[in-house]
Amino acid sequence: MVTFRLCDGHMHLFFVYNSALSMHNSCKEADGGMFMTKPVTLNVGGHLYTTTMSTLQRYPDSMLGAMFCGDLPTTRDSQGNYFIDRDGTLFHYILNFLRTSELILPVDFMKTDLLRKEADFYQIEPLIQCLNNPKPAYPLDTFEQMTKPVTLNVGGHLYTTTLSTLQRYPDSMLGGMFRGDLPTTRDSQGNYFIDRDGTLFRYILNFLRTSELILPVSFTELDLLRKEADFYQIEPLIHSLNDPKPLYSLDTYEQMTKPVTLNVGGHLYTTTLSTLQRYPDSMLGGMFRGDLPTTRDAQGNYFIDRDGTLFRYILNFLRTSELTRPVDFTEMDLLRREADFYQIEPLIQCLNDPKPPYPLDTFEQVVELSSTRKLSKYSNPVAVIITQLTVTTKVHALLEGISNNFTKWNKHMMDTRDCQVSFTFGPCDYHQEVSLRVHLMDFITNQGFTIRNTRVHHMSERANENTVEHNWTFCRPAYKVDD
């Protein structure tokens, strides 16, 4: 047995050394494992940040790299968070640099000298070099080329898309054509010409855009569409056509609309799987489809080590497919980097080509469609006991068109003065109910309206039935008329 008689100061150093050694050993043992991706919370001058060990150790020769590999002592606050007595506001930019290896500052940033001092303190050499030798963020040549509109003449039907969409599947015939590996032909107007079925190319192009096969309920040309998919050599589309599956079941629906909480850089957001998977080719689409690994924090929330403040705009775009920012927003470059990280192509396009949604001499006409369904729990297939479909709008011509074109349904409260048409429909099975709703939505979209957003609400449950309410908002531009 060995007895130590040390003063408090030496004993403190002994414990610091052992704590650092323990962290250093665990860092080595768990290198590349769960330890490196586990969320870590830092208190920097009173500001809390959540990140991972792998991010903090990105530059091993930095002070943070040494601290979190155990080579330097660490301090904790009363909540157990790692504490660093430095400028907490500027650490926002330090941490983003560790995440992306890029320095992106607001347009009106005025604290470059202070940020240099912070970079010197943390001894992050690449950041110090960026601050001493600022360069343009990135070239636009490649992006502009890939997102520039391209017009195709397919059997006399004109379609406009982008090179990035046409090259989504590089091994396909379109991928080869527009990469330059196969010859192309142009018509007299300079459009690329393909001598194939122009009507069916609509479904081919939509699949390239969304990676999903969506066909009308009454679609009868499946065999012909298979031949087109074979011609274009789009393997995922061929698989979808040879192994068709129902678009969704009630189980899938409940799963897709169940709340999901994300911890993004210490900021909590709650949304649904359907929102996160809105763009299947994005990183979030891959994560929440199961194609990419996910990490959870101590509370079980999905954790993403990115800028939590800006994720608000990312999530709102996923919800509405529109980019809305404050008038005085100054962090466009940083938001572009976040959009690039999440690989959300439509958002990237909006950020690189911001435009007002409509000219000043136009306004939006709005249609609200609501569906209240009472579903039997015990029927198989699921029975819709009764459905109440309501259309609300100030566009009287649309209401009259619905009244004239849906005469076989039982209508109540048809009153254009109240701007409302209601259908009571039932009892019926699930497919009948969906058919009516799809036909009604098709009628509205054929009048030039597009879906702006959707909402779902689960109402009170009884012993043998559930009540679910859906709401869709449709919009279209219209010209202002002077009184």
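Me: What relative accessibility does Gln343 have, and how does it count?
Reply: At 42% relative accessibility, Gln343 counts as partly exposed. Buried means under 20% relative accessible area, exposed means over 50%, and partly exposed is in between, with a 1.4 Å probe and protein chains only.

Me: What should I know about the origin of the coordinates and the numbering?
Reply: The model is predicted, with local features requiring pLDDT of at least 70 and side-chain atom pairs counting only at pLDDT 80 or more, while totals for chains, interfaces and linings use all residues. Residues are numbered from 1 along each chain as its sequence is written, and side-chain values use heavy atoms, leaving out hydrogens and water.

Me: Back to Gln343: where does it lie, and what is its phi?
Reply: Gln343 lies in the loop between H18 and H19. Helices (H or I, at least four residues) and strands (E, at least two) are DSSP runs numbered from the N terminus. The phi of Gln343 is near 55°, a positive value in a residue other than glycine. Most residues other than glycine have a negative phi.

Me: Which residues make the contact?
Reply: Met332, Leu335, Arg336, Ala339 and Asp340 of H18 meet Leu347, Ile348, Leu351 and Asn352 of H19, where contact means heavy atoms within 4.5 Å. By class, these are six nonpolar, one polar and two charged residues. Ala, Val, Leu, Ile, Met, Phe, Trp, Tyr, Cys and Pro count as nonpolar, Asp, Glu, Lys and Arg as charged, and the others, Gly among them, as polar.

Me: Next topic: H12 and H13. At what angle do they pack?
Reply: H12 (residues 222–232) packs on H13 (residues 235–242) at about 160°, with the axes 9 Å apart. The two are therefore roughly antiparallel to each other. On the H12 side the contact includes Leu222, Leu225 and Ala229, and on the H13 side it includes Leu237 and Leu241. The contact of H12 with H13 has six nonpolar, one polar and two charged residues.

Me: Which residues of H11 are buried, and what do they pack against?
Reply: In H11 (residues 201–210), Phe201, Tyr203, Ile204, Leu205, Phe207 and Leu208 are buried. Their packing partners include strand E4 (149–154), strand E5 (157–162), H12 and H13.

Me: What follows H11?
Reply: Ser211 follows H11. Ser211 is not a glycine, yet has a positive phi of about 60°; its relative accessible area of 23% makes it partly exposed. Glu212 is also in the loop between H11 and H12, and at 43% relative accessibility Glu212 counts as partly exposed. Leaving aside neighbours within four places in sequence, Glu212 is in contact with Asn206, Phe207 and Pro280. The C-alpha atoms of Glu212 and Ser240, 28 residues apart along the chain, are separated by 8.4 Å.

Me: Now the strands. How many residues of E1 are buried?
Reply: Five of the six residues of E1 (residues 39–44) are buried, so E1 is largely enclosed by the rest of the structure.

Me: Which strands does E1 join, and in which sense?
Reply: Six bridges join E1 to E2 (residues 47–52), and these strands run antiparallel. Three bridges join E1 to E3 (residues 82–84), in the parallel sense. Two strands pair if DSSP finds at least two bridges between them. Leu42 has Tyr49 as its bridge partner in E2 and stands opposite Tyr82 in E3. E1 and E2 form a hairpin with two residues between them, and Gly45 in the turn has a positive phi of about 55°.

Me: What is the strand order of the sheet that contains E8?
Reply: The order is E8-E7-E10-E9, in an open sheet of four strands with mixed pairing. E8 (267–272) and E9 (295–296) are the edge strands, each pairing on one side only. H17 (residues 311–320) packs on the sheet, touching E7 (259–264) and E8, and its direction makes about 5° with that of E8.

Me: What are the totals for the chain?
Reply: The secondary structure comes to 21 helices and 17 strands, and 42% of the 483 residues count as buried.

Terms used
Axes are lines fitted to C-alpha atoms, for helices over the stretch in contact, and angles run from 0 to 180 degrees between N-to-C directions. Angles under 35 degrees count as roughly parallel, over 145 as roughly antiparallel, 65 to 115 as roughly perpendicular and the rest as oblique.
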